[in-house]
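Please keep the sequence and the model in view while reading.

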Amino acid sequence: MWHKISWRLLRQELKRGELTIMAAAIVLAVTAVLSLSLFTERLQAGLVSRSAEFLAADRVLSSRQPIAEEWIAQAEQFELRTAQRVVFNSMAFAQGQLALVDIKAVSDGYPLRGELRVAQMPYGTEESAGAQLPQPGEAWAASALFQELGLQVGDTIEIGQSEFTVARVLTYEPDVGFSVFTDSPNVLIRYDELAQTGLIQPGSRVRYHVLYAGTEVQLNAYYDWLAPQLNSDIHSWRGIEDGDSPLARSLQRAERFMLLASLLGVVLAATAVAVAAQRYCQRNYDVVAIIKTLGAGRRQIQNIFVLHLLLLTLFSIVIGLGLGWFIQAQVIDWVAVQLGTSLPEASAKPYLLATSTGLISALMFTLYPLLRLIQIPPLRVLNRQLAGTARWRWLHWLLSAGAIYALLLLYSQHVLLSSALFVGGALAAVVLLIISQCFIRVSRQAGMQAGSSWRLAMAGLQRRAQANRIQMLSFSTAIMLLLLVLALRHELLADWQRQLPADAPNYFVVNIAPQDVERLQQEFAARDISTADLYPVVPGRMTAVNGIPVRDEVTKEAAGDEADTATNNSEQREGFGRELSLTWRDSLPPNNQLLAGQWWQPDSTEGQVSVEADVAKRMRLQVGDMLEFNIGGHVFEVPITSIREVNWGTLQPNFFMIFNTAVLAEFPATFITSFNLPEPRKSELFELFKPFPQVSLIDLDALIGQLREVIDQVSLAIGFVLVLVLMAGILVLLAQVQASLDERQQELVILRTLGASSKLLNRSITYEFMILGALSGVIAALAMELVLWILQVQVFAMSASMHWRFWLIGPLSGAVVVAVLGRLACFGLVRQNAAELIRKLT
Amino acid sequence: MLIQTLQLEKKVTTQEGILHILQPIDLAIEAGETVAIVGASGSGKSTLLALLAGLDIASSGQVLIDQVNLSALDEEQRAQLRAEKIGFIFQSFLLIPSLTALENVMLPAELAGQKNAEQQARELLVKVGLGERLTHYPNQLSGGEQQRVAIARAFIGTPKILFADEPTGNLDAATGRKIEDLLFAMNEQSGTTLVMVTHDSKLAQRCQRILTMEAGRLTEVPADVA
């Protein structure tokens with residue numbers, strides 16, 4: 001019979017709007033989590049699939065030795081698509097001239113992600129190559145090679161023992177990479193014609209790649225099979241999220257931001273549920289007392305209200321799921337139109353997460369109020385002051401805190417991030433309790449001197465001291481989270497903006513002969529093109545560290561027993577495996593930051609070298625280590641005197657090794673620089689570089705375009721996240737205001753009866769919410785700084801900074817938003833006359 | 001003997017010391033009697049009502065309902081006893097605001113597991129003159145109408161005892177008289193034992209016995225004096 005009563009209570013209360021806030025809070029929690037996680041997952045999948053183009057595949061296996069055919073055959077068993085790619089340097093001959101080129105031999109199916117673009121003439125209008133590759137006997141070459149060798153489309157070039165017709169101009173390869181020192185023009189040939197060139201000999205400096213495309217499940221299953229057979233000295237397995245490129249870092253940062261934003265939604269929704277649950281249970285104290293008086297046992301009451309709550313929760317979750325799906329579908333549609341791309345479908349995980357969030361929020365946060373509700377004594381029918389026992393209050397805090405942390409962890413699966421937010425929230429709570437206590441004490445005195453509206457407002461705050469402390473906690477949390485998103489958005493976007501300024505160089509010029517430097521600079525000046533600094537470049541190899549040779553490319557002697565060498569000599573470091581571009585400079589380059597050691601004096605005569613931080617870390621190099629270099633047969637040693645951090649995202653010329661002038665000035669060098677030329681002026685390039693045939697030009701426009709597109713997607717996502725968190729915050733505030741309405745109603749009856757004017761009541765209510773909001777804003781700003789400090793330093797690996805404007809924005813926005821919401825929520829209350837209010841209360 | 005108290009006492013400990021709300025009370029009420037308990041505010045009459053109905057626990061002494069000692073029952077058993085034998089009418093009506101008049105009346109019968117709760121409730125509401133207002137919510141009814149619903153609720157399941165706490169205290173004089181008439185008429189029809197707490201001496205005089213509560217002491221006013 002109790003289930004009938006439970007169902008009836010739910011039906012009637014829903015119909016009468018009594019459960020609106022409670023249901024809205026759960027709907028909000030589920031909607032926020034589902035729409036956000038669906039959107040995040042689809043966007044991330046979209047980002048990864050777009051980014052997969054940078055690899056031309058979903059995963060790449062790289063090797064210094066030929067890759068076993070069996071491994072490729074096995075990939076087909078896992079239903080993966082594969083393609084092979086072999087990359088090496090060689091010389092190309094044509095028209096009696098020769099040039100160093102990067103040969104890329106690819107099999108059918110390449111590229112598995114992204115596309116090749118070609119043109120009919122050098123620097124001509126590009127078009128997609130579709131699924132085409134060079135025909136047998138054909139090669140496609142970059143514009144720079146046409147320029148260097150004076151080629152025309154249809155001419156013949158000689159590579160090793162083979163001859164190829166240069167059929168098209170290669171303008172874009174998805175996997176060209178970010179390294180600006182791939183300074184030789186690329187030539188694309190067919191994989192099955194590679195052997196005929198006779199260029200691949202034991203010991204050749206060749207990189208073998210197998211490209212894979214398929215679903216995550218297939219890729220992971222294949223990797224599980226492959227991993228035990230890989231030798232980390234020879235093989236590397238890469239996805240787009242690995243590696244150290246600016247894109248990979250941006251993706252990682254974006255992923256963390258999405259995660260964080262999702263967590264904010266969860267905490268806000270849980271707060272709304274907690275507030276609504278408390279109010280819901282308080283409103284049912286009388287009902288429980290009446291039902292107990294009429295003969296209901298504790299078990300019956302328990303069954304009635306637990307079922308009531310479960311039904312309400314399930315009902316709200318279903319609505320939340322529908323609404324969440326609808327919202328993300330709208331946003332995804334909009335994003336798809338904006339970006340001209342479609343995003344992949346999401347898995348079932350977001351639905352499970354949203355449902356668990358709804359269940360955990362509703363059940364964990366209502367457990368304590370429900371316990372109190374069930375314990376309401378029947379005697380309350382005669383004595384309305386009786387409200388059951390409050391001795392398990394600690395349980396409430398434990399359950400709430402545990403539920404929030406569990407949700408954070410469940411949702412982020414990132415202990416550090418969850419803990420930072422949790423600790424931030426806990427700190428806010430403690431600080432809030434202390435500050436609000438002080439404030440209430442001060443207001444007791446200040447209120448006595450203030451005008452009547454202020455006095456009433458202060459008195460209101462004072463009277464509801466305990467409730468206000470809890471309300472302030474929620475207001476502060478909401479404002480803190482909003483500030484945090486604003487701050488992070490600003491910080492992250494600013495960081496990205498710094499990475500890619502509007503005038504980021506889109507061309508690199510390399511191989512500038514010393515005698516051409518002046519003439520080239522004149523040409524640039526004549527055409528009003530500004531360039532970055534000119535850097536001299538000397539090619540050289542790093543051969544030893546502290547007297548111990550580095551392990552470099554496979555040599556003929558070592559090819560057979562490389563693995564043994566690696567295990568036998570742990571001191572031996574892995575080298576670069578290629579020639580490095582070495583430079584010298586008197587001053588620290590812009591966008592570089594010294595991490596250790598000191599920069600040299602311009603006139604220093606002792607040899608010194610400064611090493612890039614990531615290289616230093618990978619090769620375990622420290623200030624004071626001696627590095628040995630070989631430049632054109634000349635071998636010398638220099639000490640490391642500094643370690644530099646380089647911002648690779650600037651697309652300026654950057655170097656792993658920078659020497660002082662004394663070391664390198666005597667070696668023959670070429671020069672390198674970068675410049676920005678807008679797209680419409682692209683046709684000027686051919687004329688500009690015609691007098692400098694040996695100069696190579698590297699087009700970064702396509703790369704920058706791709707990177708900017710990814711960042712545009714991330715920025716849009718951040719905008720969406722912000723709107724969602726803002727909405728969740730406003731709803732929490734409304735739930736809070738609603739929670740205090742009953743008590744306010746009682747006060748208004750008294751004040752109205754005593755003749756208080758609407759104006760006075762309006763003002764006192766506005767001021768009360770304003771003070772509450774402003775104080776919450778101050779606390780929010782403080783807590784936000786703390787959390788941001790932890791996040792910036794620990795999670796996002798940025799440098800910490802203070803955000804003074806938020807100390808103004810926090811209290812101001814808190815005061816305005818809470819006052820407006822409070823006034824709106826109390827609007828109907830103040831307009832009622834005393835008789836109506838009294839009738840309502842009785 | 002339907003209701004009996006033996007040395008029933010209620011005291012609470014305050015900062016100033018022990019406060020005796022009820023001095024030891026011995027009382028016996030036969031089945032079918034109508035009893036009024038009168039007294040000033042704070043004299044302890046509502047406390048006595050709460051103890052008699054098993055809503056509160058005595059400090060010492062016993063309450064026997066139908067020979068069952070309430071002190072020996074736990075909260076669950078006392079609730080069970082209320083469900084089976086006791087009906088209530090309160091000054092502030094105490095209807096559940098989210099349930100209709102019909103649903104409010106059905107509630108005690110449903111809690112007691114009776115199957116024809118709705119039929120009984122409809123008949124009772126017709127009897128109290130609210131046959132047309134079954135689906136109205138408490139806030140859509142006047143004070144008098146709400147108390148009629150409460151009376152109907154009190155009589156569902158034909159309780160042996162009806163406890164009424166100031167049943168007309170929140171009503172105007174004319175409505176109050178109508179409610180009194182209805183209450184006594186229904187009580188007479190069902191033969192229920194009525195124990196009523198009231199300020200109203202006129203209302204008290206309609207009862208067979210009048211008990212006066214003064215500073216926690218209960219004395220019976222002889223019928224010829226009342």
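## A residue in helix α10 of chain A

A:Leu367 counts as partly exposed because it has 19 C-beta neighbours inside 10 Å; a residue is buried if 20 or more other C-beta atoms lie within 10 Å of its own, exposed if 12 or fewer, and partly exposed in between, with C-beta atoms placed from the backbone. A:Leu367 lies in helix α10 (residues 349-374) of chain A.

## Basis of the description

This is a predicted model, in which local features need pLDDT of at least 70 and side-chain atom pairs count only at pLDDT 80 or more, while totals for chains, interfaces and linings use all residues. Residues are numbered from 1 along each chain as its sequence is written, and chains are lettered from A and ligands numbered from 1 in the order in which they are written.

## Chain A overall

Chain A has 24 helices and 22 strands, which are DSSP runs (helices: H or I, at least four residues; strands: E, at least two) numbered from the N terminus. Of the 842 residues in chain A, 43% are buried.

## Strand β7 of chain A

Strand β7 (residues 156-159) of chain A has a covered face with A:Ile157 and A:Ile159, whereas A:Thr156 and A:Glu158 form the uncovered one. In a regular strand the side chains alternate between the two faces of the sheet.

β7(A) pairs in the antiparallel sense with strand β2 (residues 81-94) of chain A over two bridges and with strand β8 (residues 162-172) of chain A over four bridges; strands pair if DSSP finds at least two bridges between them. A:Glu158 is the bridge partner of A:Phe93, and A:Glu163 in β8(A) is the bridge partner of A:Glu158. β7(A) and β8(A) form a hairpin with two residues between them, and A:Gly160 in the turn has a positive phi of about 60°.

## Helix α5 of chain B

Helix α5 (residues 143-155) of chain B has 13 residues and reaches 19 Å from its first C-alpha to its last, close to the 18 Å expected at 1.5 Å a residue; the expected span is 1.5 Å times one less than the number of residues. α5(B) is mostly covered, with 10 of its 13 residues buried, including B:Val149, B:Ile151 and B:Phe155. Just after α5(B), B:Gly157 takes a positive phi of about 80°.
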